[in-house]
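This report describes selected helices and their packing. Please consult the sequence and the structure shown below while reading.

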Amino acid sequence: MDVTRDKILNLKNEACAHLTKELLPFWFDRCKDEINGGFITHFDKDGNDTGVDEKSMLGQARCIYSFAAAHRAGYGDGKCLEYAKHGVDFVIDKMWDDKHEGFVWLTDRKGNVLIDEKILYGHSFIIYAFSEYTLASGDQRGLFYAEKCFDLLQIYGADTMYGGYFEMFTNNWTLKGSGAAGGDRKTLDVHMHLMEAFTTLFECSGKELHKRKLLEIIEVLVKKIIHPKYLTGIPQFTPDWKIAPQIKFDIVWGWDRFSDDGIKSSPEDNTSYGHNVEFAWLLMHAMEIADIPFEKYGKVIETQFNHAFADGIDWEYGGVYVEGSHAGGVTDREKEFWQQAEMLIALLQACIVYGSDKYLPVYENVHRFVYDKMIDHKIGEWLPLLTRKGEPIWSHMSHNWKINYHTLRAVVQSIERMNKLLE
């Protein structure tokens with residue numbers, strides 16, 4: 001046990017040094033827009049502001065979450081909370097739609113609206129971030145707007161016929177059209193992040209309604225969204241939960257790599273190792289907050305882990321592949337930052353639940369790949385996309401989708417779990 005303890009302690013010290021000397025300073029030094037409010041989120045490979053004149057509601061909300069959560073975990077000597085408040089002030093002042101309610105998708109740096117559509121993916125992060133902010137600060141504005149968004153989702157977004165939520169709306173909450181407009185699609189991504197959002201909302205509010213909707217969305221995820229045979233995540237569905245080919249939407253919220261026609265190379269048989277383990281650890285956190293016995297979803301959680309570990313880990317070069325088939329076999333061997341981040345948290349969670357013997361060596365594999373290949377230690381942030389061997393494909397440090405949410409959360413949550421293991 002002493003050998004294992006020393007190993008965990010060394011890994012934790014490496015993570016702590018990265019968090020306090022590299023990652024937080026990267027964001028403290030760059031992201032606060034002192035002129036216009038909110039956060040600057042576009043940085044090139046050297047960490048310089050690219051000058052892109054836009055602020056996405058998603059990027060602002062994710063920064064708010066990251067700083068609020070880091071403050072709650074004890075980092076920043078109050079600076080993290082100051083930054084979170086700075087972001088909350090801007091989002092409420094510039095992105096709230098007084099006429100139709102909800103938050104607009106995109107503004108310029110000054111806060112002039114560029115895209116006024118209402119996107120559930122973004123609203124899930126508003127609920128998540130603003131609830132976390134109130135938990136961190138006691139400022140009730142966060143909970144007020146989180147609850148407002150939750151209520152809007154129940155009024156306009158909830159599908160009362162087939163369950164779950166529609167995702168893409170115009171500014172007045174009219175459901176958008178089919179195809180790339182996204183009005184006829186439901187996704188794993190949105191429903192998983194709604195689970196995460198409702199978990200933190202319930203933790204903050206303590207309201208029975210929020211718990212009830214959390215339990216409901218967990219059931220949707222488990223019964224509709226994961227594969228009935230392999231229990232792995234399916235990316236996209238029609239409104240009545242038939243598997244749909246994974247297509248690229250007009251409003252892009254992440255950098256999934258599609259072919260030129262906007263369709264995945266294996267559109268109906270691809271599952272993301274990162275999403276699967278992210279779902280597993282977020283589900284465990286939701287169960288803890290909502291006091292759900294582990295046995296209820298234990299099989300689902302363990303199967304998600306086992307699938308990811310069987311196929312998703314690269315034992316030759318280290319790290320996590322992007323995605324593969326439900327039945328087994330890897331289809332995308334590149335290494336993306338957010339899958340590595342979520343796998344780090346999930347593996348340590350697996351060590352806590354199932355024991356270190358099996359899962360700590362897997363954690364060490366991914367940890368070494370991240371700390372040796374993915375983190376630019378000179379700049380302080382993580383590279384977004386690498387080849388299988390760890391050579392950069394994309395090299396920017398941040399944009400609307402790749403900011404500090406996955407990276408900062410991964411390190412904070414990993415340290416928290418390593419502390420539990422050391423106890």
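Which helices and strands do the buried residues of helix 7 pack against?

**Helix 7**

The model is predicted. In it, the buried residues of helix 7 pack against helix 5 (140-157), helix 6 (188-205), helix 8 (273-290) and helix 9 (298-311), and also against strand 6 (186-187) and strand 7 (236-237). The buried residues themselves are H210, K213, L214, I217, I218, V220, L221, V222 and I225.

Helix 7 covers residues 208-225; because 18 residues at 1.5 Å a residue should span 26 Å, the 25 Å between its end C-alpha atoms agrees with expectation.

**Helix 5**

Helix 5 has 18 residues, and its first and last C-alpha atoms are 25 Å apart, close to the 26 Å expected at 1.5 Å a residue. Its buried residues are G142, L143, Y145, A146, E147, C149, F150, L152, L153 and G157. The elements that cover these buried residues include helix 3, helix 4, helix 6 and helix 7, as well as strand 5 (168-169).

**Helix 3 against helix 4**

Two packed helices are described by the angle between their axes and the distance between the axes. For helix 3 (residues 79-95) and helix 4 (residues 120-137), the angle is about 135° and the axes lie 11 Å apart. The two helices are therefore oblique to each other, and helix 3 passes helix 4 in a left-handed crossing.

On the helix 3 side, the contact involves L81, A84, K85, V88, V91 and I92, which meet I126, F130, Y133, A136 and S137 in helix 4. By class, this contact has 9 nonpolar, 1 polar and 1 charged residues.

How values were computed. Residues are numbered from 1 along each chain as its sequence is written. This is a predicted model: local features need pLDDT of at least 70, side-chain atom pairs count only at pLDDT 80 or more; totals for chains, interfaces and linings use all residues. Side-chain values use heavy atoms; hydrogens and water are left out. Helices (H or I, at least four residues) and strands (E, at least two) are DSSP runs, numbered from the N terminus. The expected span of a helix is 1.5 Å times one less than its number of residues. Buried means under 20% relative accessible area, exposed over 50%, partly exposed in between (1.4 Å probe, protein chains only). Contact means heavy atoms within 4.5 Å. Axes are lines fitted to C-alpha atoms, for helices over the stretch in contact, and angles run from 0 to 180 degrees between N-to-C directions. Angles under 35 degrees count as roughly parallel, over 145 as roughly antiparallel, 65 to 115 as roughly perpendicular and the rest as oblique. A crossing is left-handed if the near helix is turned anticlockwise from the far one by less than a right angle, and right-handed if clockwise. Ala, Val, Leu, Ile, Met, Phe, Trp, Tyr, Cys and Pro count as nonpolar, Asp, Glu, Lys and Arg as charged, and the others, Gly among them, as polar.
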